[in-house]
Amino acid sequence: AKEAGRNRYQFYSDDMTARAIERLSLERDLRGAAERNELFLVYQPQIELTNGYIIGAEVLLRWKHPVRGFISPLRFIPVAEDSGLILGIGERALRESCRQAQVWREQGLLDMRISVNISAVQFRQTDFVEVIERALAEAGLPPDKLELELTESVVMQDVEPALEKLRRLDTLGVKVAIDDFGTGYSRLSSLRQFTVDRLKIDQSFVHDLPGNADAEAIATAIVAMGSSLGLRVIAEGVETEAQEEFLQRISCKEGQGYLYAWPMTTSEFEAWVTAWQLHARA
Ligand code: C2E
Ligand code: CA
Ligand code: CA
Ligand code: CA
């Protein structure tokens with residue numbers, strides 16, 4: 001029995017070691033990845049469902065590892081968060097997003113809002129609002145052209161400092177969206193005290209539309225809640241016409257997903273916008 005116990009311990013231990021080594025190697029490679037230009041941003045449009053207008057774009061990080069190829073943000077963002085690297089990477093992404101949005105406005109390509117994902121680690125920093133102000137000022141971007149995507153758990157944890165930051169952002173005019181909405185533990189009623197502007201229906205619900213009674217009920221409830229609280233509601237992960245039709249039927253006014261466009265590089269996004277606008281006008 002003792003032997004078996006030791007073997008089992010050995011097994012778990014090797015497994016944990018392998019995972020720890022993998023994490024460390026990712027962390028090592030991530031350090032300096034930005035300087036080596038391995039990290040870049042892609043943009044996914046957000047669409048007003050009734051008329052097809054482009055109302056904004058979400059910015060998503062990409063990492064092209066020189067040996068391993070593309071590594072999903074679902075894998076490297078947690079490593080960046082645990083190691084603190086997210087602070088530098090996130091601020092860089094924020095500044096570049098603001099700059100790019102302002103370039104597009106000045107070029108007359110599109111006067112849309114840019115939505116940037118913010119990690120809990122960034123939001124918790126005491127100088128978070130100053131970092132946002134600096135990025136806006138540096139880019140010359142009007143504050144209401146920037147939206148920050150925060151998850152429910154980020155704003156519901158440490159409620160007092162979070163409320164204070166959200167109030168300051170609101171005063172600045174910066175928009176806030178609650179990402180992955182419906183997946184968290186929050187009491188929906190407590191949403192009222194948060195100065196947020198938009199709810200993003202999590203793609204796991206959108207995926208099961210239409211036909212799945214639970215997903216339909218949740219999506220419908222989120223849209224109703226948004227409307228009663230005066231919040232905009234966007235559905236993420238819209239892939240099919242049937243999903244879009246259902247969303248229109250429950251009066252969800254905004255959507256984002258592969259049905260409209262994949263996340264695109266700067267030049268791809270510019271070409272897409274031009275083609276989309278021609279199509280929409282036709
Ligand atoms: P998220 O913020 O919920 O982003 C939405 C994810 O859904 C993105 O995955 C996007 O590419 C994907 N997506 C878009 N349309 C569709 C669709 O129609 N169907 C499906 N199935 N998926 C769709 P991505 O780019 O792999 O990012 C994954 C997560 O990584 C993000 O989830 C976000 O939590 C995180 N992330 C990405 N970029 C950043 C960033 O710059 N900063 C931070 N803090 N997190 C980021
Ligand atoms: Ca997001
Ligand atoms: Ca606001
Ligand atoms: Ca999301």
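Is Asp 180 buried, exposed or partly exposed? Asp 180 is partly exposed, because its relative accessible area is 25%, where buried means under 20%, exposed over 50% and partly exposed in between, computed with a 1.4 Å probe on protein chains only.

1. Basis of the note. This is a predicted model, in which local features need pLDDT of at least 70 and side-chain atom pairs count only at pLDDT 80 or more, while totals for chains, interfaces and linings use all residues. Residues are numbered from 1 along each chain as its sequence is written, chains are lettered from A and ligands numbered from 1 in the order in which they are written, and side-chain values use heavy atoms, with hydrogens and water left out.

2. Asp 180 in strand E6 and Glu 236 in strand E8 are 56 residues apart, and the pair links distant parts of the chain; strands here are DSSP runs (E) of at least two residues, numbered from the N terminus.

3. The calcium ion (ligand 2). Here the protein donors are Glu 58 (OE), Asn 117 (OD1), Glu 149 (OE) and Asp 179 (OD), which lie 2.2 to 2.3 Å from the ion, with the spacing E-x58-N-x31-E-x29-D. Glu 58 belongs to strand E2 (residues 54-65) and Asp 179 to strand E6 (residues 175-181), so this pair ties together parts that are 121 residues apart in sequence. Both Glu 58 and Asp 179 are buried.

4. Asp 179 bridges the calcium ion (ligand 4) and the calcium ion (ligand 2), which are 4.0 Å apart.

5. Surroundings of Glu 236. Glu 236 lies in strand E8 (residues 232-236) and counts as buried because its relative accessibility is 7%. A polar atom of its side chain lies 3.4 Å from the backbone nitrogen of Gln 203. Leaving aside neighbours within four places in sequence, the residues in contact with Glu 236 (heavy atoms within 4.5 Å) include Asp 179, Asp 180, Lys 200, Val 206 and Gln 256.

6. Cysteines. The structure holds 0 disulfides, a disulfide being a pair of cysteine sulfur atoms within 2.5 Å. Cys 98 counts as buried at 0% relative accessibility, and Cys 252 counts as buried at 2%.

How values were computed: Helix = DSSP H or I, 4+ residues; strand = E, 2+ residues; numbered from the N terminus. Polar contact = N/O pair within 3.5 Å; in protein donor to acceptor, adjacent residues only side chain to side chain. Donors = N, O, S within 2.8 Å, 3.2 Å for Na, K, Ca; no water.
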